[in-house]
Amino acid sequence: MTDFIQTVFMGMKITDIIDILVVALIVYKLLDFIRETRAEQLVKGLILFGAVFFLSDVLNLNTLNWLIKSITTVGIIALVIVFQPELRRALEYFGRSRTLTLVSVEEQKAKHIIDEFIDAVTELAKTRTGALIVIERGTALTDRIKTGTIIDAEITAQLLGNIFYEGAPLHDGAVIIRGERIHAAGCVLPITDNKTLDKSLGTRHRAGIGITEHSDAISLIVSEETGVISMASEGKITRYLDGKYLEKILNELYLDDVQKSKNIFQKVMGGIKNAGK
């Protein structure tokens with residue numbers, strides 16, 4: 001056995017290792033995507049269907065085997081139609097770029113934005129004013145921005161408070177942040193169809209989760225009933241946030257991306273200098 005293992009590893013090349021890692025990553029991402037979605041039930045059904053087909057072939061159940069073969073072609077077309085939203089979401093999921101994001105501002109400006117966000121959200125929570133703030137990242141939210149009103153204003157706690165003030169024209173929709181600006185308000189977001197969510201979560205929370213299922217955006221949600229602060233990311237929601245945890249999240253979002261941008265710029269400039277030598 002030891003000799004067999006040594007033979008296998010001795011014959012492996014770097015490309016073989018890369019090949020295995022890529023396949024493992026794809027499988028992991030697929031499993032991560034289908035978990036807790038309708039796609040999970042689809043996979044279970046396909047496994048059962050394949051098992052029945054295999055058994056019918058082994059046990060010479062010719063009629064059953066013929067029937068399964070006959071419906072396979074039609075079944076594939078039906079699956080594409082029925083699960084079109086999941087297939088589209090899967091392509092979006094794999095197509096997202098997490099290397100570069102649209103959150104790219106100067107460090108001092110980023111710190112100022114973080115302070116304004118914290119002041120706005122904590123004040124909205126104290127007054128139990130419902131709010132939904134979406135921070136755009138790598139996936140552009142242009143189609144959602146079109147459903148609202150373009151504002152293109154500086155991020156300030158006062159302006160966010162005014163937008164979500166009950167009775168204000170745009171208070172029912174979502175605010176979308178692009179870079180260092182409040183880009184639009186009163187935007188309509190897709191509602192999640194996740195059936196496992198807490199029944200107490202209302203439309204605002206479900207919309208905040210829904211947009212993160214279709215993009216890599218982050219949503220900040222303030223409950224109108226309880227004043228609880230929540231954050232949604234990658235289709236999952238974290239509730240009962242306080243100012244310190246919110247600051248940590250925003251620091252990771254803005255300041256880490258600032259550092260990434262600096263590192264990329266330095267690498268590019270270093271490459272240009274080396275090429276010139």
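**Close-up views of a predicted model**

**View 1. Lining of the second largest pocket.** Helix 9 (residues 203-214) supplies the largest share of the lining of the second largest pocket, three residues. This is a predicted model, in which local features need pLDDT of at least 70, side-chain atom pairs count only at pLDDT 80 or more, and totals for chains, interfaces and linings use all residues. Residues are numbered from 1 along each chain as its sequence is written, and side-chain values use heavy atoms, with hydrogens and water left out. The pocket has a volume of about 190 Å³. Among its lining residues are Leu-132, Asp-172, Cys-187, Thr-203, Arg-204, Ala-207 and Glu-224. A pocket is an open set of points on a 1 Å grid over the protein atoms alone, where a 1.4 Å probe fits, with protein on both sides within 12 Å along at least five of seven lines; lining residues have an atom within 4 Å of a point.

**View 2. Helix 9.** The buried residues include Arg-204, His-205, Glu-213 and His-214. Helices are DSSP runs (H or I, at least four residues), numbered from the N terminus, and strands are E runs of at least two.

**View 3. Nonpolar cores.** In the largest nonpolar core, of 33 residues, Phe-117, Ile-177, Leu-250 and Tyr-254 touch the most other members. Helix 6 gives the most to this core, nine residues. A second, separate core of 17 residues includes Val-134, Cys-187, Ile-221 and Ala-232. A nonpolar core joins buried Ala, Val, Leu, Ile, Met, Phe, Trp, Tyr and Cys residues through side-chain atoms within 4.5 Å.

Key: Grid points are joined across faces, edges and corners, and a volume is the space filled by probe spheres set on the points. Buried means under 20% relative accessible area, exposed over 50%, partly exposed in between (1.4 Å probe, protein chains only).
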